Amino acid sequence: MKLIVGLGNPGKQYENTRHNIGFMVLDELAKSWNVSFDKTKFNSEYAMTYHNGIKYLLIKPTTYMNLSGEAVGKFYDYFEIDIEDILIIYDDLDTKTANFKLKAKGSSGGHNGIKSIISHLGTEKFNRLKIGIDRPTPPMKVVDYVLGRFSKDEMVEIEKIYSKSINCIEDFSKMNFVDLMNKYN
């Protein structure tokens, strides 16, 4: 089973904000695969489905970003998922808007959702799909920026990466992660 996690904050006020790009990508994946987040467990909305013969568990934690690890850790333990079968999708300030980068391990880089996941999984060695949102221009504060909505121009660019992200997620189940990084990075 593959555990695909999109990070974000629940609620209408956070829809289409930069911090919710993980939710947005997962929503597009669900739409593409014709599945719904119609179940709740461990403070998450989730869907379980088979796609191309592979079982997937798609989750969107509803714990708010800073506590994402609580939900991820519970799914990881309950379903006894191998750490290499987890892919976390989230926003990255150090990557240009609408670009993405795969990473197999590392620190949180200051991302509180990733800090929480590291804490609950007990390791920094899990797979990540980092979606670029760029950094704010001073004097804007990072917190205001990540909780702000994408501009119309940015959304046009974000929408262009959905299909590439979905292809990457589908390849995640067929390739080892080093080969996946070589293909997409």
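Trainee: How many aromatic pairs does the count come to?
Mentor: This is a predicted model. Two rings pair if their centres lie within 6.5 Å. By this rule, the count of aromatic pairs is nine.

Trainee: Is the pair of Tyr14 and Tyr64 stacked, tilted or edge-to-face?
Mentor: The ring centres of Tyr14 and Tyr64 are 6.2 Å apart, and their planes stand at 80 degrees. Planes over 60 degrees apart fall in one class. The pair of Tyr14 and Tyr64 is therefore edge-to-face.

Trainee: Which distant parts of the chain does this pair link, and how many residues apart are they?
Mentor: Tyr14 belongs to the loop between strand 1 (2-6) and helix 1 (21-33). Tyr64 belongs to the loop between strand 4 (54-61) and helix 2 (68-78). Tyr64 has 42% relative accessibility and so counts as partly exposed.

Trainee: Which class describes the rings of Trp33 and Tyr56?
Mentor: The centres of these rings lie 4.6 Å apart, with the planes at 55 degrees. An angle under 30 degrees would count as stacked and one over 60 as edge-to-face. The pair of Trp33 and Tyr56 is therefore tilted.

Trainee: Are Trp33 and Tyr56 buried or exposed?
Mentor: Trp33 lies in helix 1 and Tyr56 in strand 4, so their pair ties together parts 23 residues apart in sequence. The relative accessible area is 9% for Trp33 and 1% for Tyr56. Buried means under 20%. Trp33 is therefore buried, and Tyr56 is likewise buried.

Trainee: Which residues form one aromatic cluster?
Mentor: Aromatic pairing is judged from the distance between ring centres. The residues that form one cluster are Phe42, Tyr46, Phe75, Tyr78 and Phe79.

Trainee: Are helix 5 and helix 6 roughly parallel or roughly antiparallel?
Mentor: Two packed helices are described by the angle and the distance between their axes. Helix 5 (residues 152-172) packs with helix 6 (residues 177-184) at about 160 degrees, the axes being 10 Å apart. Angles over 145 degrees form one class. Helix 5 and helix 6 are therefore roughly antiparallel.

Trainee: Which residues of helix 6 meet helix 5, and how many of the residues in the contact are nonpolar?
Mentor: Helix 5 contributes Lys164, Asn167, Cys168, Asp171 and Phe172, which meet Phe177, Leu180, Lys183 and Tyr184 of helix 6. By class, the contact holds three charged residues, one polar residue and, as the number asked for, five nonpolar residues.

Trainee: What residues does Thr95 contact, leaving aside its neighbours within four places in sequence?
Mentor: Thr95 is placed in the loop between strand 5 (86-92) and strand 6 (100-103). Its relative accessibility of 13% means that Thr95 counts as buried. The C-alpha atoms of Thr95 and Arg135 lie 8.3 Å apart, although the two are 40 residues apart in sequence. The contacts of Thr95 are Phe100, Gly132, Ile133 and Asp134.

Trainee: What is the phi of Asn34?
Mentor: Most residues other than glycine have a negative phi. Asn34 occupies the loop between helix 1 and strand 2 (39-41), and its relative accessible area of 72% makes Asn34 exposed. Although Asn34 is not a glycine, its phi is positive, at about 60 degrees.

Conventions: Residues numbered from 1 in each chain as written. Predicted model: local features only at pLDDT ≥ 70, side-chain atom pairs only at ≥ 80, totals over all residues. Heavy atoms only, no water. Axes fitted to C-alpha atoms, helices over the stretch in contact; angles between N-to-C directions. Helix = DSSP H or I, 4+ residues; strand = E, 2+ residues; numbered from the N terminus. Parallel < 35°, antiparallel > 145°, perpendicular 65-115°, else oblique. Contact = heavy atoms within 4.5 Å. Nonpolar A, V, L, I, M, F, W, Y, C, P; charged D, E, K, R; others polar. Phe/Tyr/Trp six-rings, centres within 6.5 Å; stacked < 30°, edge-to-face > 60°. Buried < 20%, exposed > 50% of the residue type's maximum accessible area, 1.4 Å probe, protein only.
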